[in-house]
Every structure is written in structure tokens, then in C-alpha cells.
Amino acid sequence: MNIGKVLATGLTVAGALMALPSASPAQSIDLYLGPGGPDVRMRERDYDRDDYRSNRGCSERQAIRRAYALGLDDPEVESVTRRQVVVDGVGRRGRYTTVYFANRPGCPRIG
């Protein structure tokens, strides 16, 4: 297959995609380029997936992992609110330490 045919096929697919009405927010269009040529697939979002809700904030498991990374021994989640996750544990010099994480993706430390 020469390069002219590949470019012509790509331009045809791009033109066809531009002519389609815009997809609703509940769908997405995927364009695959492979050995069988270009392939357009539409798929609907799966709102029932388990990991959909986990992307919304800082989970208790993530907060404990972050506390371990900060050097706390035996961290425990004390409270979870809409804005923060509070983790208590033993610090580097044996002192009781409290760490506050924002209840956002990535668990940024706020105190």
C-alpha cells in the first residue's frame, strides 16, 4: 500500500467524522489505525464502573500510602470529611503525628 492511498483514506475518514453530528456527552468516538486500515468505534461511558467514584477524591487507602511515604509508622485514618482526610501515626522520632490531606485526587498534603 503506498503512502498516497494511506493519506487518501485518512482524509476520507477525517471528512466523514467532520460530517457526523457531534456525539452526545455520554458517548465517545475512538479512531483506530491498524493493519486492517482505519476503524471508527463509538462507545458509551460506563458509569457503573467501580473506579469511576474513586477518581473523585482521596481514598483512605491512598491517604495511608501517602502517610507511609511521609515516614509515618502504623498510620491510621482518624476521620474523613468532605474537605480533608486526617491520618494519625508515629513520626520519625517516635512522636505521635497527625497529617492532613485534602480530599481531592492525588491526596495533596494540607497540614
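Guide: Happy to! One term first: contact, or touching, means heavy atoms within 4.5 Å. Also, this is a predicted model.

Visitor: Good to know. Which residues does Asp88 touch, leaving out those up to four places away in sequence?

Guide: Asp88 touches Leu72, Asp74, Pro75, Glu76, Glu78, Tyr96, Thr97 and Thr98.

Visitor: And where does Asp88 lie?

Guide: Asp88 is part of strand S4, which covers residues 84–90.

Visitor: What is the nearest side chain of opposite charge to Asp88?

Guide: That is Arg109, 11 Å away. Asp88 is buried and has no salt bridge. There is a polar contact, though: the side chains of Asp88 and Thr98 are joined at 2.7 Å.

Visitor: Let's stay with S4. How does strand S3 run relative to S4, and how many bridges join them?

Guide: S3 (residues 73–80) and S4 run antiparallel, with five bridges joining them. Together they form a hairpin, with three residues between the strands.

Visitor: Which residue stands opposite Val87?

Guide: Val77 stands opposite Val87 of S4.

Visitor: Switching topic: how many disulfides does the structure hold?

Guide: One. The disulfide joins Cys58 to Cys107, with 1.8 Å from S to S. The link of Cys58 and Cys107 is right-handed, with 100° about the S-S bond.

Visitor: Nice. Which parts does that pair tie together?

Guide: Cys58 sits in the loop between helix H2 (50–54) and helix H3 (60–69), and Cys107 in the segment after strand S5 (96–102), so the pair ties together parts 49 residues apart in sequence.

Visitor: Are those two cysteines buried or exposed?

Guide: Cys58 and Cys107 are both buried.

Visitor: Okay, what about Leu33: buried or exposed?

Guide: Leu33 counts as exposed because its relative accessibility is 70%, and the cut-off for exposed is over 50%. Leu33 has its place in strand S1, residues 27–34.

Visitor: How far is Leu33 from Gly10?

Guide: Their C-alpha atoms are separated by 9.2 Å, while Leu33 and Gly10 are 23 residues apart along the chain.

Visitor: Last one, the whole protein. What pattern does it follow along the sequence?

Guide: The pattern reads α-β-β-α-α-β-β-β, made up of three helices and five strands. Of the protein's 111 residues, 16% count as buried. Among contacts between residues at least 6 apart in sequence, 23% join residues at least 24 apart.

Visitor: Great, thanks!

Methods. Residues numbered from 1 in each chain as written. Predicted model: local features only at pLDDT ≥ 70, side-chain atom pairs only at ≥ 80, totals over all residues. Heavy atoms only, no water. Disulfide = S-S within 2.5 Å. Helix = DSSP H or I, 4+ residues; strand = E, 2+ residues; numbered from the N terminus. Buried < 20%, exposed > 50% of the residue type's maximum accessible area, 1.4 Å probe, protein only. Lys, Arg positive; Asp, Glu negative; His and termini not counted. Salt bridge = Lys/Arg side-chain N within 4 Å of Asp/Glu carboxyl O. Polar contact = N/O pair within 3.5 Å; in protein donor to acceptor, adjacent residues only side chain to side chain. Pairing = 2+ DSSP bridges.
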